[in-house]
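Welcome! Here is a short tour for someone meeting this protein for the opening time, starting with its pockets and ending with its domains.

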Amino acid sequence: MIIIMSSETGEAQIKAVVDRLAAMGLDSNVSQGVERTVIGAIGDENKIDKESIQALPGVEDVIRVMKPYKIVARSFHKGDSVVDIKGIKLGGNQIQVIAGPCSVETQEQMNLAAQGVADAGCRLMRGGAFKPRTSPYSFQGKGEEGLTLFRNAAEKHNLPIVTELMDVRMLDTFMEHDVDVIQIGTRNMQNFDLLKEVGRIKKPVILKRGMSATISEWLMAAEYIAAGGNHDIIFCERGVRSFETYYRNVLDVTAIPVLKKETHLPVIVDPSHAGGKAWMVPALSRAAIAAGADGLLVEMHPNPCEAWCDADQALTPQELKDLMGELKGIAQVIGRDI
Ligand code: PEP
Ligand code: MN
């Protein structure tokens, strides 16, 4: 950590900073320039409470040198980590497209959806049984029954299931139903108690980006999961809020190479919640794969007009199939399989 003192700083203020660092178990290197005095803190930066140093008289700025996340950092693991989901590898050379409806509705709808996912050549299926809806009067999901409907449909095609966990009290239920991948949604990215709990289990977790979260906050949220021992984490960019109203969110394509630099963990993209319209999904998907995403999370419904949730953004089974064909071309150009 580097502490920059203001130009009018006196000896007493410098000493106060050095003493505070010493109390935290760190040595100091004081470098007195013509304009400024800079103090380098030597030792374990994690022992320093940045705010308490920042608050000392004469301190102008405090700059961290170390990253606030460790296990998820690329420096912790130089190669790309691959998450194994029942033998399906996410994060390796093969791009994985996870597709399915926004929410689980009926057994028939899930059966048709599972058929569509398998026919398109996707290897994993999504579907929400517990839905985080903006209005308390909107359909909230089928709940536990939805997990059963989902499993019944998916197992006919050997598709592992991806579904959202909103409440820590439902974790045991998710374990009983042997959910294959737990999704943490945008609204819960910083639900630290939930993150800690999924950190203690042995299940892959898709961590969606908070709709207003910085990359650093997102990485630290993942660190909460990793710190508990669960390193099977997949980042999912799903668009961030902006002033624009034409589309639901802004797909932050820039986040893909940035995350690839900062973390060894797989990165996927949800083009459906980013654009919010089915017609935007193919273009955003192509951009995501071209930019280096390891996979996609795409909404598809056997009959989008009748979807109980997010009808506007659901692809039809045929559109999903066509998308998979288009993505094959992009994958080939960048030397990957799909
Ligand atoms: C979802 O995937 O169905 C969902 C609710 O996504 P998000 O958390 O990104 O809004
Ligand atoms: Mn949705």
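On a 1 Å grid over the protein atoms alone, a pocket is an open set of points where a 1.4 Å probe fits, with protein on both sides within 12 Å along at least five of seven lines, and its lining residues have an atom within 4 Å of a point. Grid points are joined across faces, edges and corners, and a volume is the space filled by probe spheres set on the points.

This is a predicted model, in which local features need pLDDT of at least 70, side-chain atom pairs count only at pLDDT 80 or more, and totals for chains, interfaces and linings use all residues. Residues are numbered from 1 along each chain as written, chains are lettered from A and ligands numbered from 1 in written order, and side-chain values use heavy atoms, without hydrogens and water.

Ala, Val, Leu, Ile, Met, Phe, Trp, Tyr, Cys and Pro count as nonpolar, Asp, Glu, Lys and Arg as charged, and the others, Gly among them, as polar.

| Pocket | Volume | Lining by class |
|---|---|---|
| Largest pocket | about 260 Å³ | three nonpolar, six polar, nine charged residues |
| Second largest pocket | about 160 Å³ | five nonpolar, two polar, four charged residues |

The lining of the second largest pocket includes Asp-44, Tyr-69 and Phe-76.

Which pocket holds ligand 1? Ligand 1 sits in the largest pocket, meaning that more than half of its atoms lie within 2 Å of the pocket's grid points. The residues around ligand 1 (a heavy atom within 4 Å) include Lys-131, Glu-164 and His-273. By class, this shell has one nonpolar, four polar and seven charged residues.

Oxygen atoms of ligand 1 make polar contacts (N or O pairs within 3.5 Å): a side-chain atom of Gln-183 lies at 2.9 Å, and one of Arg-238 at 2.7 Å. The protein covers 97% of the 300 Å² of accessible area (Shrake-Rupley method, 1.4 Å probe) that ligand 1 has on its own.

Finally, an automatic or database assignment gives domain 1 (2-63) and domain 2 (83-333). Their centres, taken over C-alpha atoms, are 44 Å apart.

Conventions. Polar contact = N/O pair within 3.5 Å; in protein donor to acceptor, adjacent residues only side chain to side chain.
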